[in-house]
Amino acid sequence: MTRIDRRALFTSGAAAALLAATGTSLAASPRAGGALRLALPRESGLLDLVARGAVLDCLTEIAPDGLLRAELASAWESHEGARVWRFELRQDVLFHDGTALKAADVVDSLQGRSVAGVDRMTVAVLDPQRVEIHLSQPNPHLPYLLAGPGYVIAPGGAVDLPLAQLVGSGCYRVERAQGGRHFRATKVAGHYKEGRAGWVDSLEVIVIPDAAVRAEALRDGFVDVAALPQPAELLKRGGFLYHPSAEDMALAARSDVGLPRVVGQQSALDDGRIAERWWRL
């Protein structure tokens, strides 16, 4: 595993204790407004992870506490010993192009995708708001599996487009993007998660390969969060948050960055959902 994978960039349960010790108020409620600017290294596809997590949704979501909850699906049930699954879709979801989420979009997005422990998955429309999934082998964990980044939903199944062309139903719509270098997105007004997620008005992600330059960008106020920065200049200045420690720094952030009490542990940067879960104090 890579250094980034091992540390998972603020995904451990120790994050809350660390931030409490360094002065960030985890008791503060999320507040809307402001921008979140991230400086990330090029390796491990972190820009793509964060960007797609901001723009695209899945049928289900694994919350930071590890519990499964609905996202684009509003309900689901299994039949035939977990070999057949039926998912009912939310009726208040619009894609960023203004079209409404339909069952056909789910079929187009998921058809042909592989599922762990299953040879074949077939997805069919039951009606405009319901889909049925047939598995070649029973799998009681399917709703958890469908929360993964490989099962995002896009209009017409266009989930593999370059970031600049990506259209989803997430809290943020793409404003501009350059693959592997830069990404900017703005908050969607009236989103179905309003008041529950998507706190900042805009997200900007910049790939900076050099760790020293990432540290300088944070130190000089050009970004709010830096992954794997070179620590020397930050330690001299003070006033930043470090994880897992100042001596072994995986991530550094400004002291006015707010985050939930529990941070997702499935993958890096709060399961790639940092854009919709973190806020500015």
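**View 1. Lining of the largest pocket by residue class.** In this predicted model, the lining of the largest pocket comprises nine nonpolar, six polar and eight charged residues. Ala, Val, Leu, Ile, Met, Phe, Trp, Tyr, Cys and Pro count as nonpolar, Asp, Glu, Lys and Arg as charged, and the others, Gly among them, as polar. The 23 lining residues include Leu-49, Ala-147, Gly-148, Pro-149 and Asp-271, which lie nearest the pocket centre. The space in this pocket is about 490 Å³. A pocket is an open set of points on a 1 Å grid over the protein atoms alone, with protein on both sides within 12 Å along at least five of seven lines; lining residues have an atom within 4 Å of a point. A volume is the space filled by probe spheres set on the points, which are joined across faces, edges and corners.

**View 2. Helix H3 at the largest pocket.** H3 (46–55) and strand S2 (60–62) each supply at least two lining residues, and H3 gives the most, with four. Helices (H or I, at least four residues) and strands (E, at least two) are DSSP runs, numbered from the N terminus. H3 is largely enclosed by the rest of the structure, because eight of its ten residues are buried. Among them are Leu-46, Leu-47, Val-50 and Arg-52. Buried means under 20% relative accessible area (1.4 Å probe, protein chains only).

**View 3. Surroundings of Glu-71.** Glu-71 sits in the loop between strand S3 (68–70) and strand S4 (73–79) and, with 1% relative accessibility, counts as buried. A polar atom of the Glu-71 side chain lies 2.8 Å from the backbone nitrogen of Cys-58. Beyond its neighbours within four places in sequence, the contacts of Glu-71 (heavy atoms within 4.5 Å) include Asp-57, Arg-90, Tyr-192, Lys-193 and Arg-273.

**View 4. The largest cavity.** The structure holds one cavity of 30 Å³ or more, with a volume of about 30 Å³. A cavity is a set of grid points where a 1.4 Å probe fits but cannot get out. Cys-171, Lys-187, Val-188, His-191, Lys-193, Glu-194, Ala-197 and Gly-198 line the largest cavity; three are nonpolar, two polar and three charged.

**Notes to all views.** Residues are numbered from 1 along each chain as its sequence is written. Local features need pLDDT of at least 70 and side-chain atom pairs count only at pLDDT 80 or more, while totals for chains, interfaces and linings use all residues; side-chain values use heavy atoms, with hydrogens and water left out.

Notes:
Buried < 20%, exposed > 50% of the residue type's maximum accessible area, 1.4 Å probe, protein only. Polar contact = N/O pair within 3.5 Å; in protein donor to acceptor, adjacent residues only side chain to side chain.
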